[in-house]
Amino acid sequence: MFERFLVGKTAIVTGSNSGIGLGVAQRLARAGADIVLNSFTDRPEDHDLAARLAADHGVVVRYIQADMSRGDECRALIDKAGGCDILVNNAGIQHVAPIPDFPVDKWDAIIAINLSSAFHTTAAALPQMRKAGWGRIVNIASAHGLTASPYKSAYVAAKHGIVGLTKVTGLETAREPITCNAVCPGYVLTPLVEAQIPDTMKEYGMTRDEVIQNVMLQRQPSKDFATIEQLGDTVVFLCSESAAQITGTTISVDGGWTAL
Ligand code: NAD
């Protein structure tokens, strides 16, 4: 699908040294886009990842370190990239606790990384997209941007917030060849989700399989995880001309979760 139609475009994917972000970056590279990978770390393996991606797909790939919890670094990431045709706001973290016990520093970090970062990168990217006369913004939200779960106050608030920001960005760019949409995944087996499994096993006295089937996929009618590849394909579709009239909206990749 959509082979190499993004040659000559530059895509910046925040939080892309693992999980969904890396998978989306790989899929965009397969479609021919030059890539900027990002995270808050600056390890040799981050730069190796960029070199491997470039070699695999014959595109230019750079790794730019920037902490998405800081507005100035979000904006600097876009400036350092020297061009931004496609922006994928993907960086995200999670913490689970009842509201009275929810650590304030965790609340602040989740809102900053999962929501405010997208405001800052979008503000910095839109002038570049307007200058180039084309742009695509894809915000990786969540089924938790449309529904709620107890103990995930900051995550649910941030993801609902990014769905709202997506609508406003879509409206502010509606008369231009720029679109902004949110992709709302259900559960995808990434490092972020893997990290939740041991605690849940302990809390409920369940096996790994029981946690996956009875807790995680309990809300997902398909009873299966969405895959990173399916999310990459969805982002690439949103970057295509077929999706030029899709803006300010959400696409759920959640096995029916939000239909319930
Ligand atoms: P992940 O932990 O594999 O990836 C998160 C990425 O964000 C990593 O690359 C990490 O380095 C980066 N990151 C974290 N803090 C950062 C910071 N301060 N600055 C820059 N980068 C930072 O998790 P994932 O599951 O791939 O999550 C990616 C996105 O998808 C998140 O926004 C998450 O909320 C969303 N999502 C995931 C699922 C799922 O089931 N995995 C479901 C719905 C939504």
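Trainee: What radius of gyration does the protein have, and with what value for a compact globule does it agree?

Mentor: This is a predicted model, where local features need pLDDT of at least 70, side-chain atom pairs count only at pLDDT 80 or more, and totals for chains, interfaces and linings use all residues. Residues are numbered from 1 along each chain as its sequence is written. The radius of gyration is taken over C-alpha atoms, and the globule rule is 2.2 Å times the number of residues to the power 0.38. With 260 residues, that rule gives a value near 18 Å, which agrees with the protein's 18 Å.

Trainee: Is Val-60 buried, exposed or partly exposed?

Mentor: A residue is buried if 20 or more other C-beta atoms, placed from the backbone, lie within 10 Å of its own, exposed if 12 or fewer, and partly exposed in between. Because Val-60 has 14 other C-beta atoms within 10 Å, Val-60 is partly exposed.

Trainee: Which residues does Val-60 touch, not counting those up to four places away in sequence?

Mentor: Two residues are in contact if their C-beta atoms, placed from the backbone, lie within 7 Å. With close sequence neighbours up to four places away left out, Val-60 touches Asp-34 and Ala-54.

Trainee: How many residues surround the ligand, and which are the closest?

Mentor: A residue counts here if its C-beta atom, placed from the backbone, lies within 6 Å of the molecule. Domain 1 (10-188 + 226-254) and domain 2 (189-225) each give at least three residues to this shell, with domain bounds from an automatic or database assignment. The shell has 28 residues, the closest being Gly-15, Gly-19, Gly-92, Thr-190 and Leu-192.
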